[in-house]
Amino acid sequence: MPCEEANHVCDKSQYKEASFLEKIKLTLHLMYCKACRKYSSKNAKLSALLNKQEPVTLKKDTKNRLQKQIEEQLKHQ
Amino acid sequence: MPNHDINPNNWVKLYSDYLYNYTITRVSNHEISQDLISETFMAGLKSMKNFKGEASERTWLISILKRKIIDHYRKINSNKGKAEVRMNLTSEDSEGNWLEERVLDPFDGNAESTMENTELGRAIQNCLSKLPAKQANIFEMKTILNYETETICNELNITASNLWVIVHRARTAMANCLEKNWF
């Protein structure tokens, strides 16, 4: 498995979208590839951090409302 | 010195989450935060002519928001002494609204972890805002809002491999940024 693919599988597995076979291939690749090991651990760290954080984003309809407000106001200017 | 442009049509898309995080850590109330952001946008539109482009749009909006937050606390303060009983720890119409309300539930976890959570939220938003808009948008949809790959692809009209390339770039940038600012 080339490094590019390894990173792709690693990304997918962060979202639990990698297949079993892919994960085995990734593990094998990581055994001998230091660069990808580094990327994998960074990636996992990022996921852990993001999971710790509650989703702090505004809801879509709130955003739509704000957007409409702005557009209304722009029309009157 | 780079001159910054102003384009209110992109404000919601680019800054509303950032402003929300900034506000929620300061007023700890979802509704008030929303109102303050809305007021900030309106005030921004009114004084658009005064925008000289010296600071970025975001910095400029934050400076307006800061004034709004101060005004908000002034207002509460002047309401002191007037007998007013308001109990809205839980609202009846909380249906479908729980995503935001969960964010700063004072009874959920201890103060320390709440604080860390909001600080982390700001660090994440900060790093997100440094990404190119398209990357940030897709990364947010995929990682924070947890949309399915297929949904995002359909909505944005891109292929799955295209999406993964963008996600990969965003993840690399985010990991580096958070490594610098958080760990």
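A disulfide is a pair of cysteine sulfur atoms within 2.5 Å. The model shown is predicted, so local features need pLDDT of at least 70 and side-chain atom pairs count only at pLDDT 80 or more, while totals for chains, interfaces and linings use all residues. Residues are numbered from 1 along each chain as its sequence is written, chains are lettered from A and ligands numbered from 1 in the order in which they are written, and side-chain values use heavy atoms, with hydrogens and water left out.

**View 1. The disulfide of Cys127(B) and Cys177(B).** Over all chains, the structure holds one disulfide. The sulfur atoms of Cys127(B) and Cys177(B) are 2.1 Å apart. This pair links distant parts of the chain, with Cys127(B) in helix 5 (residues 111-130) of chain B and Cys177(B) in helix 8 (residues 160-181) of chain B, 50 residues apart. Helices (H or I, at least four residues) and strands (E, at least two) are DSSP runs, numbered from the N terminus. The link is left-handed, with -85 degrees about the S-S bond. Cys127(B) and Cys177(B) are both buried; buried means under 20% relative accessible area, exposed over 50%, and partly exposed in between (1.4 Å probe, protein chains only).

**View 2. Cys10(A) and its closest cysteine sulfur.** The closest cysteine sulfur to that of Cys10(A) belongs to Cys36(A), at 8.3 Å, which is too far for a bond. Cys10(A) has a relative accessible area of 3% and is buried.

**View 3. His29(A) in helix 2 of chain A.** Helix 2 of chain A spans residues 20-32 and contains His29(A). With a relative accessible area of 3%, His29(A) is buried. Leaving aside residues up to four places away in sequence, His29(A) touches Met1(A), Pro2(A), Cys3(A), Ala6(A) and Cys36(A). Contact here means heavy atoms within 4.5 Å. Chain A as a whole has four helices and zero strands, in the pattern α-α-α-α along the sequence. Of the 77 residues in chain A, 42% are buried. Among contacts in chain A between residues at least 6 apart in sequence, 54% join residues at least 24 apart.

**View 4. Aromatic rings in chain B, including Phe51(B) and Trp60(B).** Rings of Phe, Tyr and Trp (its six-membered ring) pair if their centres lie within 6.5 Å; planes under 30 degrees apart count as stacked, over 60 as edge-to-face and the rest as tilted. The whole structure has four aromatic pairs over all chains. One of them joins Phe51(B) and Trp60(B) edge-to-face, at 4.9 Å centre to centre and 70 degrees between the planes. Phe51(B) is buried at 10% relative accessibility, and Trp60(B) is buried at 15%. Ring pairs link Trp11(B), Phe41(B), Phe51(B) and Trp60(B) into a cluster.

**View 5. Lys142(B) over the face of Tyr15(A).** Lys142(B) lies 4.6 Å from the ring centre of Tyr15(A). A charge sits over a ring if NZ of Lys or CZ of Arg is within 6 Å of the ring centre and within 35 degrees of the ring normal.

**View 6. The kink in helix 1 of chain B.** Helix 1 of chain B (residues 11-27) has a kink of about 25 degrees centred on Asp17(B). The bend at a residue is the angle between axes fitted to the seven residues ending there and the seven starting there. Because 13 of its 17 residues are buried, helix 1 of chain B is largely enclosed by the rest of the structure. Ser28(B) follows helix 1 of chain B and has a positive phi, near 50 degrees.
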